[in-house]
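Trainee: Could we go through this model together, starting with where the chains meet?
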Amino acid sequence: MRREIFALGVVVLSFVVFPASLFAYQAWRTNALDARVIELTANVPANGGWQPDTIRVHLGERVRLRISSTDVVHGFAVPALGIQVDEILPGHVEEVEFVASRAGRFPFACTRWCSVDHWRMRGVIEVIDPQNPNPASPTFAPPLYQQLNVNIDAAHPARNVPSEHPSAVRGAVLAEQITVDADTRTQSPSDVFAKLRADAALKSYGDLQLWDAIAFEWKRAAGDDAIARGRQLYARDCAACHGESGKGDGPAGRNLPGRTVIDASARRGPADFTNAAQMLGASDVLLQGKILRGGMGTGMPEWRSLYTDQDMWDVISFIRGFVFEYGMSDKK
Amino acid sequence: MMPWLRGRRPLIAASAALLTLAAIFVPLPARAGTPQTRTINVDARQFAFEPATLDVQHGDTVTLHLESLDALHGLSIDGYDVNIQAEPGKSANVTFVADKAGTFKFRCSVTCGALHPFMIGKLTVEPDLPLARAIAVTLIAALGAIAFFWKE
């Protein structure tokens, strides 16, 4: 009889008390946390992308994201919240904590090339204010290209093309003699060239000298820091399709839809940033419009939800360097 | 048949051992020509390298240019201190001197998906003396064993 009671005790202990204490410990641990824990799984887009891809939290909550990958190396960034995780290795868990301090929708994205559809791997964090769960949608100022009525889908051939790529290095020497009075954001380099060429005071300078001065002016107006930052963004987000050398020959851009279907004669792929005839006819605003909207029938993603205006200007000033030889070291 | 073998087992064993030692330790010229500098482009994609077999000569200075076509991949060579990573838009270079002869596996060093463990290539540094020596030792052992255990 006593043995029976002992055996019963063992059974109760192992099948009731032990599991119950496990669950109790889990519940206590979760409650003891001052943060809400959300598991976020990264998959390549063909296998579902971010799961979940919509994360809803309440205003003021402390949120801890536990991010893991099921397949390849991914990255994670919420630009609007200043969150960046460079590497999510399969088999590891990366933890990120933040306080949902303002209501709104904050897009996040993968930042490592994880497959051909890498750029589709996006999601959104929704911070909801319980007092005001359905706020009026925020109003944004229209982007600059719309304010200025620039048609970003029109062809933009340069009116003048230099005989070779202009060099900001040579232009730096000329900077004291040739004053380039231009708005480098809204004017295209070829328009600036036309204006300088028409200037009687600059008659003694050759075409290439004027171009060199323009190249230097673009570099000066952007600033070296912006170009260096643009280089990093370009390497992270653009180079896979547009190529490390800017020729539009990156490995991820080889089989884009614009290249293959519908009309083979009108093959369009990632833009070639070394093509002076195209690049010099475009103003920075026009390039910004293309980047923020995307589309163009080439598979170009939109970047408005992930890039700040400054990010875009930085990338554009770096891209200019493929035609305007900046003479900056590739190492950064 | 073959009476001269009779009673000479110690001699057979000793000469086989000598030949084995010779096959392992005899210094052979490591290469024929002068060392070259070569650059090899390797494309990585899930789950293979292209090309998957690399042949170089002993003493060559080899530069590998690794380009990835889909996700983050790595390339590390067993036996050499080489490990680089590349993803689309960020290719990688490494230069090393092929100072060890033989056949070496190179592998993807970053988990790149379900079949990542099978993403393997082969680097042959010629002349492949370790392989030649291993073949010689095996043949000597086989012939020696036959002679040693021969029965009339």
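This is a predicted model: local features need pLDDT of at least 70, side-chain atom pairs count only at pLDDT 80 or more; totals for chains, interfaces and linings use all residues.

Trainee: What are the ipTM and pTM scores of the model?
Mentor: The model has an ipTM of 0.73 and a pTM of 0.79.

Trainee: Okay, how many residues of chain A are in contact with chain B?
Mentor: On the chain A side 16 residues are in contact, and they meet 17 residues of chain B, where contact means heavy atoms within 4.5 Å. The area buried between chain A and chain B is about 1300 Å², with carbon and sulfur atoms giving 52% of it; buried area is the accessible area (1.4 Å probe) that two parts lose on being put together, summed over both. A:Trp113, A:Glu244 and A:Pro251 supply 34% of the area that chain A buries against chain B, more than any other three residues.

Trainee: Which side chains form the salt bridge across that interface?
Mentor: The rule finds 1 salt bridge between chain A and chain B, and it joins the side chains of B:Glu87 and A:Arg112 at 2.8 Å, N to O. The rule asks for a side-chain nitrogen of Lys or Arg within 4 Å of a carboxyl oxygen of Asp or Glu.

Trainee: And the make-up of the side of chain A that touches chain B, by class?
Mentor: That side has 9 nonpolar, 1 polar and 6 charged residues, counting Ala, Val, Leu, Ile, Met, Phe, Trp, Tyr, Cys and Pro as nonpolar, Asp, Glu, Lys and Arg as charged, and the others, Gly among them, as polar.

Trainee: Switching to domains, where are the bounds in chain A?
Mentor: Chain A is divided into domain 1 (36-128) and domain 2 (144-320), with bounds that come from an automatic or database domain assignment. Their C-alpha centres lie 32 Å apart, and the contact takes 9 residues from domain 1 of chain A and 11 residues from domain 2 of chain A.

Trainee: How much area do the two domains bury between them?
Mentor: They bury about 950 Å², 61% of it on carbon and sulfur atoms. On the domain 1 side, A:Trp113, A:Trp119 and A:Arg122 supply 55% of the area buried against domain 2 of chain A, more than any other three residues. A:Arg122 also meets A:Glu302 in a salt bridge through their side chains (2.8 Å, N to O).

Trainee: Last topic, which residues are joined by cis peptide bonds in chain B?
Mentor: One cis peptide bond joins B:Gln46 and B:Phe47, with omega about 0°, and another joins B:Glu50 and B:Pro51, with omega about -5°. B:Phe47 lies in the loop between β1 (37-45) and β2 (48-50) of chain B, the strands being DSSP runs (E, at least two residues) numbered from the N terminus.

Terms used: Residues are numbered from 1 along each chain as its sequence is written. Chains are lettered from A and ligands numbered from 1 in the order in which they are written. Side-chain values use heavy atoms; hydrogens and water are left out. Helices (H or I, at least four residues) and strands (E, at least two) are DSSP runs, numbered from the N terminus.
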